[in-house]
Amino acid sequence: LATRKSDDSFFIARPNTGVSRQEMDETDLLEKYTLRSEERAQPAWERIFSESVDYTKGARVLDVVLVCGSLVQLWNQLQDIVKSHALRSEDKSSTMTARDAGMKVVRVKVGQEQLVGLRLPPEVIASVVSKLKTHEMIESGQAINF
C-alpha cells in the first residue's frame, strides 16, 4: 500500500512489516510495484497479514526482551553472557543469530509509555536473571563479591 506524502514521495506499508520509515519516490514506486485494485489486492494482503504474526524476522509484531534500569555497572558481565551464548550458537547448541549476539540499547513505545533499555536475545534471559539476582544479593550485603 502506497500513501502519498508529498508531490513525489510515498510511504510504503506491507502487510507483514507495517509502514516503512523510508520514503519512496514515484519513479521507484512505479518500477518496483504494480497497481492493483482493492478487490484484487485485499485477499493476498489479508493472508500475508494473518500469517505474519508468527514470523520471527521482519515481522510487524515482535516479542522483545528489554532489560531496563541502571545497567552500566553490569554492562561487561551482561556482554560476557551474550558472548558466551553466541559462542555456543556457533557449536549449534543455541539458535542465536549473529545479529542477536550484539548488545543493543533501544527505545520502545508501549502504549503511551516509552522505555529505554538493553535489548537481549531470549536465549540469554535465564543467565541474565541469575546474574541480576547475584548482583542484587551482593549490593544488599547478602553475598560477598570475590
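Reader: Why is E31 called exposed?

Author: In this predicted model, E31 has a relative accessible area of 63%. Exposed means over 50%, so E31 is exposed. E31 is found in helix α1.

Reader: What makes D7, D8, D25, E26, D28 and E31 a patch of negative charge?

Author: Asp and Glu count as negative, and like charges are joined within 9 Å. A patch residue also needs over 30% relative accessible area and no salt bridge. E31 has 63%, so its area is over that cut-off. D7, D8, D25, E26, D28 and E31 gather in such a patch on the surface.

Reader: Which helix gives the largest share of the negative patch?

Author: Helix α1, residues 26-32, gives the largest share, with three residues.

Reader: How do you know that E23 and K5 meet in a salt bridge?

Author: Side chains of opposite charge can pair when their charged atoms come close. The cut-off for a salt bridge is a side-chain nitrogen of Lys or Arg within 4 Å of a carboxyl oxygen of Asp or Glu. For E23 and K5 the N to O distance is 2.7 Å, so the pair is a salt bridge.

Reader: What parts does the pair of E23 and K5 tie together?

Author: E23 lies in strand β3 (residues 18-25), and K5 is in the loop between β1 (2-4) and β2 (9-14). The pair therefore ties together parts that are 18 residues apart in sequence.

Reader: Why are E23 and K5 called partly exposed?

Author: The class partly exposed falls between buried, under 20%, and exposed, over 50%. E23 has a relative accessible area of 40%, and K5 has 47%. Both values fall between the cut-offs, so both residues are partly exposed.

Reader: How many salt bridges does a search of the whole structure find?

Author: The search finds two. One of them joins E23 and K5. R47 also forms a salt bridge, with E51.

Reader: What makes R47 and E51 a salt bridge?

Author: Their closest N and O atoms are 3.5 Å apart. The cut-off is within 4 Å, so the pair counts as a salt bridge. Both residues lie in helix α2 (residues 38-51), four residues apart, which is about one turn of the helix. R47 is partly exposed at 45% relative accessibility, and E51 is partly exposed with a relative accessible area of 37%.

Reader: Is I125 buried or partly exposed?

Author: I125 is at 24% relative accessibility. Buried means under 20%, so I125 counts as partly exposed. I125 lies in helix α4 (residues 125-139).

Reader: Which residues is I125 in contact with, leaving aside its neighbours within four places in sequence?

Author: I125 is in contact with V65 and L120. Contact means heavy atoms within 4.5 Å. As for I81, 44 residues from I125 along the chain, the C-alpha atoms of the two are separated by 9.4 Å.

Reader: Why is Q73 called exposed?

Author: Q73 has a relative accessible area of 51%. The cut-off is over 50%, so Q73 is exposed. Q73 has its place in the loop between β4 (65-67) and α3 (75-90).

Reader: What share of the protein chain is buried?

Author: Buried residues make up 20% of the 146 residues. The protein chain has four helices and six strands.

How values were computed
Residues numbered from 1 in each chain as written. Predicted model: local features only at pLDDT ≥ 70, side-chain atom pairs only at ≥ 80, totals over all residues. Heavy atoms only, no water. Helix = DSSP H or I, 4+ residues; strand = E, 2+ residues; numbered from the N terminus. Buried < 20%, exposed > 50% of the residue type's maximum accessible area, 1.4 Å probe, protein only. Patch = residues over 30% accessible without salt bridge, like charges linked within 9 Å, V, L, I, M, F, W, Y side chains within 5 Å. Areas by Shrake-Rupley, 256 points an atom, 1.4 Å probe, with all protein chains shown as cover. Charge placed at Lys NZ, Arg CZ, Asp CG, Glu CD.
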